[in-house]
Every structure is written in C-alpha cells, then in structure tokens.
Amino acid sequence: MTAGGPAQGAGLELPAPPSPAGLYAPCVVAGPLLFVSGQIAVAGGKVLNPGKCGAGVSVEAAAALARQCALQALAIVRAELGSLDQVRRVARVAGYVASAEGFTDHPEVINGASQLLIDVFGEAGRHARIALGVAELPRGAAVEVEFLFEVA
C-alpha cells in the first residue's frame with residue numbers, strides 16, 4: 001500500500017503497521033504530540049537482521065534497519081491519523097543500537113531513520129535526536145527507534 005501525503009510524494013511504500021509485541025499502544029496522541037512506541041525492524045513477524053553492531057551487523061545494515069523502523073513508524077502515524085498530511089514536524093528521534101564492545105558509530109546507524117524523515121518531510125523532518133548504544137534489545141534486534149511528531 002502506498003502512503004498518501006508526503007510519503008507518496010517521496011515515492012515510498014509503507015509497510016502494514018506492526019502489531020505491538022506487549023501491553024502498550026503503537027502510538028499515543030497527547031495534544032499536538034504523537035508519540036510512536038519504539039520500533040524494531042520486522043517483516044512477517046520476524047526480526048530483521050538480529051545481532052549486535054560491530055559483531056556481525058555492519059553499520060550499513062544497521063542503518064537500513066533504522067530506516068525500516070522509520071517506515072514502520074510512518075505506517076503507524078498514517079493508521080492513527082488517516083494521512084501523513086497532519087504531521088507538522090518531526091520533533092525527536094531516539095535510537096538505540098545493540099552494540100558490541102568498542103562500537104561507537106551509533107550516530108551513523110540512526111542516520112538511516114533521520115535521512116528517511118528528512119526525505120519525506122523536508123526541513124520539517126529535521127529533528128532533535130539521541131543515539132545510544134545498549135547491551136541488548138528486545139528479541140535480539142540490532143536497532144530500536146522511537147519517534148515524536150507534532151501533529152495538526
């Protein structure tokens with residue numbers, strides 16, 4: 001399915017929104033803010049490219065996973081709002097990278113998500129961000145990304 005609004009203009013195809021893996025909502029709207037729960041890259045119910053960056057998962061592969069997380073987040077936003085046209089701006093992105101000892105290229109990994117958001121929303125996609133290394137992520141995922149949008 002192709003997204004309406006900005007994603008369609010960017011020529012992107014959004015996946016079906018993933019189902020929550022626990023007792024939480026995929027997103028929550030609070031006033032003008034839409035919080036999207038942390039996304040790990042999945043397809044067909046399976047984690048894509050599990051492992052740790054710096055030990056089996058390359059920076060390039062991890063950046064592609066972060067991009068997939070952003071696509072999933074946009075699919076959730078579209079499902080919640082009916083369209084991406086109501087997104088005024090991307091406010092914040094928080095990226096978590098499962099890291100082998102000594103791995104320090106977290107910003108390059110999370111750039112995969114950041115670049116997609118800038119491609120879709122232009123300057124309104126430029127956001128505040130944190131990129132952290134962690135010991136483990138759910139289901140062995142290499143990357144998890146959460147998102148905060150300002151919406152109309």
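1. A salt bridge here is a side-chain nitrogen of Lys or Arg within 4 Å of a carboxyl oxygen of Asp or Glu. E123 and R126 are joined by one through their side chains, at 3.2 Å from N to O. On accessibility, buried stands for under 20% relative accessible area, exposed for over 50%, and partly exposed for the range in between (1.4 Å probe, protein chains only). E123 is exposed at 55%, while R126 is partly exposed at 43%.

2. A word on the basis of these notes: the model is predicted, with local features needing pLDDT of at least 70 and side-chain atom pairs counting only at pLDDT 80 or more, while totals for chains, interfaces and linings use all residues. Residues are numbered from 1 along each chain as its sequence is written, and side-chain values use heavy atoms, with hydrogens and water left out.

3. How many salt bridges does the rule give? The count is three. One of them joins E136 to K52, with the closest N and O atoms 3.1 Å apart. E136 sits in the loop between strand 8 (128-134) and strand 9 (143-151), and K52 in strand 5 (residues 52-53), so this pair ties together parts that are 84 residues apart in sequence. Helices (H or I, at least four residues) and strands (E, at least two) are DSSP runs, numbered from the N terminus. E136 is exposed, at 58% relative accessibility, and K52 is partly exposed, at 25%.

4. E150 and R88 also meet through their side chains in a salt bridge, at 3.8 Å from N to O. E150 is partly exposed, its relative accessible area being 26%.

5. Now to the sheet, where two strands pair if DSSP finds at least two bridges between them. Five strands form an open sheet in the order 1-2-9-7-8, and the pairing is mixed. Strand 1 (27-30) and strand 8 stand at the edges with a single partner strand each, so one side of each is left without a neighbour in the sheet. On average, neighbouring strands are turned by 15° against each other, direction ignored. For angles in general, axes are lines fitted to C-alpha atoms, for helices over the stretch in contact, and the values run from 0 to 180 degrees between N-to-C directions.

6. The pairing at the strand 1 end can be followed residue by residue. Strand 1 and strand 2 (residues 33-40) are antiparallel over four bridges; V29 has L34 as its bridge partner, and V28 stands opposite F35. Strand 2 also pairs with strand 9, again in the antiparallel sense, over six bridges, and I40 stands opposite E144 there.

7. Which residue takes a positive phi in the hairpin of strand 1 and strand 2? G31 does, near 65°, in a hairpin with two residues between the strands. G31 is exposed, at 60% relative accessibility. Between the C-alpha atoms of G31 and E144 the distance is 25 Å, and the two are 113 residues apart in sequence.

8. For helices, the expected span is 1.5 Å times one less than the number of residues. Helix 2 (residues 59-81) has 23 residues and reaches 33 Å from first to last C-alpha, close to the 33 Å expected. After helix 2 comes G82, with a positive phi near 90°. Helix 3 (residues 106-121) has 16 residues and reaches 23 Å, close to the 22 Å expected. G122 follows helix 3, and its phi is positive, near 65°.

9. Helix 3 lies across strand 7, strand 8 and strand 9, and runs at about 160° to strand 7. Its buried residues include V109, I110, L116, L117 and F121.

10. A113 gives a close view of this packing. A113 is in helix 3 and is buried, with a relative accessible area of 0%. Leaving out residues up to four places away in sequence, A113 touches A66, R67, A70, V145 and F147, contact meaning heavy atoms within 4.5 Å. A113 and A70 are 5.2 Å apart, C-alpha to C-alpha, and 43 residues apart in sequence.
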